Amino acid sequence: MADRVHPVPAPPSPRPDQPPADAAGAGAAPTETTPLHPSFNRPLSPPPGTYIVQVPKDQVLRVPPPDRARRYKKLAARPARCRLLRRACCCSCAALLLLLLLAAAFAGAVYLIFRPRAPTFSVASLSIRGLDAALISSSSALSPELDAAVRADNGANRKVGVDYRGGGSVTVSYAGQRLAAGPWPAFRQAPQNVTVFAAAMRDRGVRLTEEQARRLAAERAAGAVMLAVEARVPVRLRFGKVLRTWTVDVKARCDVAVDRLEGDVAAVNRGCRVQVKPLWWWW
C-alpha cells in the first residue's frame with residue numbers, strides 16, 4: 001500500500017524587529033556544553049511541492065494492474081513462441097543436414113564396395129536393304145530396312161548387374177537424316193556378362209537432300225559410308241541381390257563405317273559414347 005507525504009509548510013520568516021539567532025548567539029563564548037542549532041538535529045525535508053510515493057517492490061515487478069493483466073500475459077508469451085519456432089527451425093535444419101550426410105556416406109560406401117563401371121556397346125554385324133535407290137535418284141522415297149547385331153558388354157562390373165527396361169529404341173541415321181528405327185529389347189544382364197541381341201529397324205518415305213545423296217555416293221565409291229547408330233533405353237542397376245537404383249534413361253551413340261549399302265555389310269566401329277546425367281558418377 002502506498003504512503004503519500006504532503007508538502008511541508010515553509011518555516012516562518014523572522015520579523016524585522018527580532019534579531020537573528022546567529023547575531024544573538026555571536027556574543028556568547030562557545031563552550032563544550034553549548035547545544036547545536038535545532039536545524040542540525042532535524043532531518044532534511046523535501047522542497048516545497050514534492051510528493052514521495054512509496055510502492056512495494058514486489059508489486060512493481062511481478063503483479064501488473066488488473067486492467068493490464070491480459071496484455072501482460074500476451075506480451076510475456078510472445079518471446080516463448082519465438083524461441084519455440086527458432087528451436088524447431090534449428091532442429092529441422094540439423095535433421096536435414098544429417099540425412100544428407102548419411103545419404104552421401106551411404107553412396108560413397110556403395111561406390112567403394114561395388115566399384116560400378118559403364119558397360120560398352122558395339123555393332124557386331126549389320127544388314128542393309130533399301131538404300132541403294134538413293135544412288136540412282138535423290139528425289140525417290142526410300143524404305144530402308146536394317147538388321148543390326150548389337151553387343152552389350154558388362155564385363156567390367158564384377159558385382160553390378162544391369163536391367164534394360166522396356167520402352168527403349170534404336171535408330172540409324174546418315175548425315176543427320178534418320179533412316180530407320182526399331183525397339184530395344186528388355187533383358188537382364190548379369191555381372192561380367194556379354195549379351196548380343198538383334199535390333200530390327202524399319203522406316204518408310206525417307207528422302208535425302210541432293211547434298212546428302214552426293215555425299216552418300218562419294219562415300220559408297222570410297223568404300224566407307226559413315227552411319228550413326230543411336231540408342232535410348234531405360235536401365236536400372238542391381239548391386240548384389242538387394243540394392244536397386246531408380247530407372248534412368250541411357251543414351252548411347254556408335255559411329256559405324258560400312259563398305260556398301262546392300263546385303264550383309266562389314267561394319268567397322270569407330271567408337272561409342274554413353275551418356276546418363278542422374279548417375280554421372282557411374283559413367
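**Close-up views of a predicted model**

**View 1. The largest nonpolar core.** The largest nonpolar core holds 47 residues, and those with the most contacts inside it are Leu-126, Ile-128, Tyr-164, Trp-184, Leu-227 and Val-258. Strand 10 (residues 225–239) gives the largest share of this core, eight residues. Here a nonpolar core is a set of buried Ala, Val, Leu, Ile, Met, Phe, Trp, Tyr and Cys residues joined through side-chain atoms within 4.5 Å. Buried stands for under 20% relative accessible area, exposed for over 50%, and partly exposed for in between, using a 1.4 Å probe on protein chains only. In soluble globular proteins, nonpolar side chains tend to be buried together. Zoom in on Ile-128: leaving aside neighbours within four places in sequence, Ile-128 is in contact (heavy atoms within 4.5 Å) with Glu-145, Leu-146, Leu-227, Val-258, Arg-260, Leu-261, Glu-262, Gly-263 and Val-265.

A quick note on the numbers: this is a predicted model, where local features need pLDDT of at least 70 and side-chain atom pairs count only at pLDDT 80 or more, while totals for chains, interfaces and linings use all residues. Residues are numbered from 1 along each chain as its sequence is written, and side-chain values use heavy atoms, with hydrogens and water left out.

**View 2. The whole chain, for orientation.** The protein chain has five helices and 14 strands. Helices (H or I, at least four residues) and strands (E, at least two) are DSSP runs, numbered from the N terminus. Of the chain's 283 residues, 27% count as buried. Among contacts between residues at least 6 apart in sequence, 69% join residues at least 24 apart.

**View 3. The disulfide between Cys-254 and Cys-272.** The structure holds one disulfide, a term that means a pair of cysteine sulfur atoms within 2.5 Å. Cys-254 and Cys-272 are joined with an S to S distance of 2.0 Å. The pair links distant parts of the chain, with Cys-254 in strand 12 (residues 248–258) and Cys-272 in strand 14 (residues 267–275), 18 residues apart. The link is right-handed, with 120 degrees about the S-S bond. As for the two partners, Cys-254 is buried at 6% relative accessible area, whereas Cys-272 is partly exposed at 31%.

View 4. Cys-93 is exposed, with a relative accessible area of 53%. An unreviewed UniProt entry annotates residues 88–114 as "transmembrane region"; UniProt positions are given in the numbering used here, feature names are shortened, and annotations may be inferred rather than shown by experiment. In the model, residues 88–114 are 100% helix and 0% strand, and the end C-alpha atoms lie 39 Å apart.

View 5. A search of the whole structure finds two cavities of 30 Å³ or more. On a 1 Å grid over the protein atoms alone, a cavity is a set of points where a 1.4 Å probe fits but cannot get out, and lining residues have an atom within 4 Å of a point. Grid points are joined across faces, edges and corners, and a volume is the space filled by probe spheres set on the points. The largest cavity contains about 60 Å³ of space. Its lining is made up of Phe-121, Val-123, Val-150, Val-170, Trp-184, Val-229, Ala-231, Ala-252 and Cys-254. Strand 3 (120–129), strand 10 and strand 12 each supply at least two of the lining residues.

**View 6. Ala-149 in strand 4.** Ala-149 lies in strand 4 and is buried at 17% relative accessibility. Ala-149 and Ser-125 are 24 residues apart in sequence, with their C-alpha atoms 5.2 Å apart. Not counting residues up to four places away in sequence, Ala-149 touches Ser-122, Val-123, Ala-124, Ser-125, Val-196 and Phe-197.

View 7. Ser-143 is in the loop between strand 3 and strand 4 (145–153), and Ser-143 is partly exposed at 33%. Beyond residues up to four places away in sequence, Ser-143 touches Arg-129, Gly-130, Asp-203, Arg-204 and Gly-205. Ser-173 sits in strand 6 (residues 168–174) and counts as buried at 12% relative accessibility. With the same exclusion, Ser-173 touches Arg-178, Leu-179, Leu-227 and Ala-228.

Definitions and conventions. 1 Å grid on protein atoms, 1.4 Å probe; cavity = no way out; pocket = protein on both sides within 12 Å on 5 of 7 lines; lining within 4 Å.
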